[in-house]
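Subject: Structure handover

Hello,

Here is the structure for you to look over. My notes follow below it.

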Amino acid sequence: GRSAHCRDTYLEWISLYCWTTFHATIMATPEWSRCQWEQISRTYSDLSNCTVLMAEALSCPWPSPALDSFFLQIHMEYFTNCTMPANSQPSQPPLGPILAMAAMPACLTPLLVALTLRKAREGVVSLGLAGDGK
Amino acid sequence: MAPSLTSTVSYTDPTLEPVVTEHSPVRQKIIDSQFKCYERMNRDPPYRKKGLFCNRTWDGWLCWDDTPAGRVTAQNCPDYFPDFDPTERASKYCDETGNWFRHPESNRTWSNYTLCNSFTSEKLKMAFILYYMAIVGHALSITSLLISLGIFFYFKSLSCQRITLHKNLFVSYVLNSVFTIAHLIAVVPNPGLVKRDPVSCKVLQFFHQYMLGCNYFWMLCEGIYLHTLIVVAVFAEEQRLHWYYLLGWGFPLVPASIHAVARAKYFNDNCWMSVDTHLLYIVHGPITAALLVNFFFLLNIVRVLVTKLRDTHRAESNMYMKAVRATLILVPLLGIQFVIIPWRPESRLAGEIYDYIMHILMHYQGLLVATIFCFFNGEVQGALKRQWMQYKTQWGQRRREHCSTRSTSYTATSITEVPVYLYHHDSTNDHSKGFHTELPS
């Protein structure tokens, strides 16, 4: 039926037309640069565009579970040894050091307050109690 | 059939627009996300729980994990398009049969991105209003604080140790407002600068955090001074202020420096603008501690004034109550923003009201401090009235000297004013200044 058409025929077409170009381009790049996102992003983008065109040509939805399985295969074959591209957003640091760093000045505060109180009291005592304000 | 962005029932269809040959930044972002999604789908462990589930998938814009059947899963909207709000949530429904929800019209799998762009224009309008409110608030604060400082420095009769502490507090608020306005005008509307990420904007943030600490620690110094004055030493006037200066100006360097180092090491985002990090607790923790300590001091002072001194020093304890009252009003007002910050209401209207209140509490603080400590102070009002009367009589005399051809009625009026002033008894004096009774001179 239609779903089989959009699964099997679709996979056939993209393997035949899109994957071959992708494979050729990837093999043409030096091996050390195959994991660098800046080098391969153009090729990857072209592959993705090609799958969109094929889906359009076959009147199939994009994306689809067939597409997912295709790309999973691509990633398994070409990118398993790569580390993930760097995140744009810095990740949250470990909680332990943060708590320690936050707790330290927060606990110092009452200590410093007590010290200030005591020094102020000593100052008053040394100057002598002035009695009531007039 | 080209996929479209919106369907007739205004459901946003997340299939991509027709293929473009030039690689726009939006498409690049989407391709980035696609790559990361498939990498994640590859590396994540397979679904282990029992029961039906929908398989992990890429829907064209966002990555969705394995989801149990009958569940709606949600995540934050992407920021690909200018009208998409990353604080709103996009959702996807996995039905009971273990398949992702299909849109009834197109019969394609469909994720709900409608919330991402439905409120954006209103939110943008409100963000602009809040932005201008903040700038106006800080400008008003600087003006009122500078006027108050002028008053305190001009009227030598007012000066005493408590006023010296006020002056330091006001200076720290002025500097805080200056740094905030610099940040709001130079950094916030300037994405180019944020992208370049120069060291100067991080230095600005460091001083901003330092000044924030100084504000609250000088309020703490006010509380400690009152406490020493009333509870410890019983109305002794002269104290050594060196330790107050150390606590007010020196100690806030510690949390600000630790925050700067930790930020540079662990969360070095551009210009340190993000508030989405727990590292900010390094600065807010000591501030909250200072507020709590201050609050307990003030409660203790009130307790002492009400119970112990009521019988022996009734007149003085009334005077001190008025002095403490100002600080007692200010500390909760300044502190409440830290207490209610985690509890932003969910509903739209309540959330907006909350934002307005928080903005007023945060950005009009300088104005509030200047008003309560200076403009509402009876001593200050008395000094200003006397000065005004002096100017009026001097001006009246000068006019009489220069304009001798004026009508007699005017002259009579200015003459009769002088005796009224001489007999004017300033009984509304607050005596909160140096706790010396001030007789009208």
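Residues 36-120 of chain B are 16% helix and 24% strand, and the end C-alpha atoms of that span lie 27 Å apart. Helices (H or I, at least four residues) and strands (E, at least two) are DSSP runs, numbered from the N terminus. The span comes from an unreviewed UniProt entry, which annotates residues 36-120 and 130-377 of chain B as "domain: G-protein coupled receptors family 2 profile". UniProt positions are in the numbering used here, feature names are shortened, and annotations may be inferred rather than shown by experiment.

Before you go on: this is a predicted model, where local features need pLDDT of at least 70, side-chain atom pairs count only at pLDDT 80 or more, and totals for chains, interfaces and linings use all residues. Residues are numbered from 1 along each chain as its sequence is written, chains are lettered from A and ligands numbered from 1 in the order in which they are written, and side-chain values use heavy atoms, with hydrogens and water left out.

Residues 282-302 of chain B are 100% helix and 0% strand, with the end C-alpha atoms 31 Å apart. Residues 356-376 of chain B are 90% helix and 0% strand, with the end C-alpha atoms 25 Å apart.

**Helix 4 and helix 13 of chain B**
The axes of helix 4 (residues 161-187) and helix 13 (residues 365-375) of chain B come within 10 Å and cross at roughly 165 degrees. Axes are lines fitted to C-alpha atoms, for helices over the stretch in contact, and angles run from 0 to 180 degrees between N-to-C directions. The two helices of chain B are therefore roughly antiparallel (angles over 145 degrees). Helix 4 of chain B contributes B:Arg162, B:His166, B:Leu169, B:Phe170 and B:Tyr173 to the contact (heavy atoms within 4.5 Å). Helix 13 of chain B contributes B:Gln365, B:Gly366, B:Val369, B:Ala370, B:Phe373 and B:Cys374.

**B:Ser274**
B:Ser274 is in the loop between helix 8 (253-266) and helix 9 (281-307) of chain B. B:Ser274 counts as buried because its relative accessibility is 19% (the cut-off is under 20% relative accessible area, 1.4 Å probe, protein chains only). Not counting residues up to four places away in sequence, B:Ser274 touches B:Arg263, B:Phe267, B:Asp269 and B:Leu280.

**Chain A**
Chain A has four helices and zero strands. Buried residues make up 40% of its 134 residues.

Regards

Conventions:
Buried < 20%, exposed > 50% of the residue type's maximum accessible area, 1.4 Å probe, protein only. Parallel < 35°, antiparallel > 145°, perpendicular 65-115°, else oblique.
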